[in-house]
Amino acid sequence: MRTAVAGAVGLALLVAACGSVEMPPIDDNAPGAQGTDTNETGGDLPACPPFDAPRDYDPPPSQQPATDPRITSPELIEDLNVGEYVEDDREPVPEGAAPPADPTPISAAQRWATDNAGEHFAGVWFDGEHAAAVIAFTDDLDGYTAEIRDRFGDGWWVVHGERSIAELHDLADAVGEVTSDEVEPGQPGSIVGWGPREDRGVVGIDVVGGDDQALAALATQLDDPAYCFSVSDPPPVPDPDGPVITLATVGGWRDGLEVEQGARLEIAHDEPTAQRLFDDNVPTDLGVAPTDEPWEDGRHGELADIDLDTHVVAVWSAGRSGSCPEWVNEVTTADDGVVISTAVPTAGGCTDDFNPYRTIIAVERDRLPTADQLPADLDLGYTIDQHAVVTYPAG
């Protein structure tokens, strides 16, 4: 379940991919870096360490040099040695494109290690707890320590890595070859993402919980100490008889309405307005869709089936990802306004394209403000969209 975001433009582009990045931003103090106990439904899968879990360094922090904030700065420092490293095989910059950024100490050290210590290079990252730039090698630590600090600054922490970058990428590639004919992508027991975690020397694998047998089969196929798993909750199952009933889902804004930002909830509190809302928003030629698949465009129910003594009818106008259709699965009213939560039928990646849509829902009356309490604010989770809950029709 997720709380609706303004216009759905905040949908993250989550891609199940494994590839190198220039500088993994392992900042323990960054928002969203807190770890969670993700394996409550994951059987015996080895759990990935939380991002904020302490790291065991060899040599330990007590034997590392004082950190130098100039090394971890994203800006090139003119009087700091970056090794004068230049890529000989860099392709010409296409006409009109921005030139490549000057090497910072971190990016220069990474490129040098990739080219000159490939079989031993085990990763580079920023340790937020210690404000340190850390680079790891699997062998010849003394030699690489001298080389790195001479070329790129004395404040580098050089540590032993369990596995090289090349090994981690090979292990990550193997994850992409694991398939199951019995598990649909994004459903319980499926893999939805993976990639190297250089600061831990492992390959993290994101899976969907809810099917311990399928997860156990994955653990058997990926039985290697280099693999760890993060288990997410399975997608919620729609309840056609729940407090929120989907009557229809339609792509696009209705005629005469365009939500410039955020989202809009319009409520019909009486029978004539409810009938007008339904007629205005549900095309007469809209096909029938399954009641247990409320994310699909189509009619899922009829207004005549709703008890208007206990329910109100409303239309939710917002945006959705082209790869993740959604439905409204929960509506509540709290101190900060009406809270709308939407859900998608699969776990995993959602593209960040914006596609307007509207869905007509019936909601138990005690979950929404009365007509004389409108307009009301819409609680989007991270911000409050003022006066976005109105009587039908808006404006």
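Mentor: A disulfide is a pair of cysteine sulfur atoms within 2.5 Å. This is a predicted model, where local features need pLDDT of at least 70, side-chain atom pairs count only at pLDDT 80 or more, and totals for chains, interfaces and linings use all residues. Residues are numbered from 1 along each chain as its sequence is written, and side-chain values use heavy atoms, with hydrogens and water left out.

Trainee: How many disulfides does a search of the whole structure find?
Mentor: Cys48 is joined to Cys228, S to S 2.1 Å. Cys324 and Cys350 form a disulfide too, with sulfur atoms 2.1 Å apart. In sequence order, the bonded cysteines pair 1-2, 3-4. The search total is two.

Trainee: Is the disulfide of Cys324 and Cys350 right-handed or left-handed?
Mentor: Look at the torsion about the S-S bond. For Cys324 and Cys350 that torsion is about -95°, so the disulfide is left-handed.

Trainee: Which parts does the pair Cys48 and Cys228 tie together, and how many residues apart are they?
Mentor: Helices (H or I, at least four residues) and strands (E, at least two) are DSSP runs, numbered from the N terminus. Cys48 lies in the loop between strand E1 (2-3) and helix H1 (69-72). Cys228 lies in strand E7 (residues 227-232), so the pair ties together parts that are 180 residues apart in sequence.

Trainee: Which side chain of opposite charge is nearest to Arg163?
Mentor: Lys and Arg count as positive, Asp and Glu as negative; His and the chain ends are not counted. A salt bridge needs a side-chain nitrogen of Lys or Arg within 4 Å of a carboxyl oxygen of Asp or Glu. Arg163 is buried yet has no salt bridge. The nearest side chain of opposite charge is 4.8 Å away: Asp224.

Trainee: Which backbone oxygen does the side chain of Arg163 reach?
Mentor: Arg163 sits in the loop between strand E4 (157-160) and helix H4 (165-175). Its side chain reaches, at 2.7 Å, the backbone oxygen of Gly201.

Technical notes:
Buried means under 20% relative accessible area, exposed over 50%, partly exposed in between (1.4 Å probe, protein chains only). A polar contact is a pair of N or O atoms within 3.5 Å; within protein, one must be able to donate a hydrogen and the other to accept it, and residues adjacent in sequence count only if both atoms are side-chain atoms.
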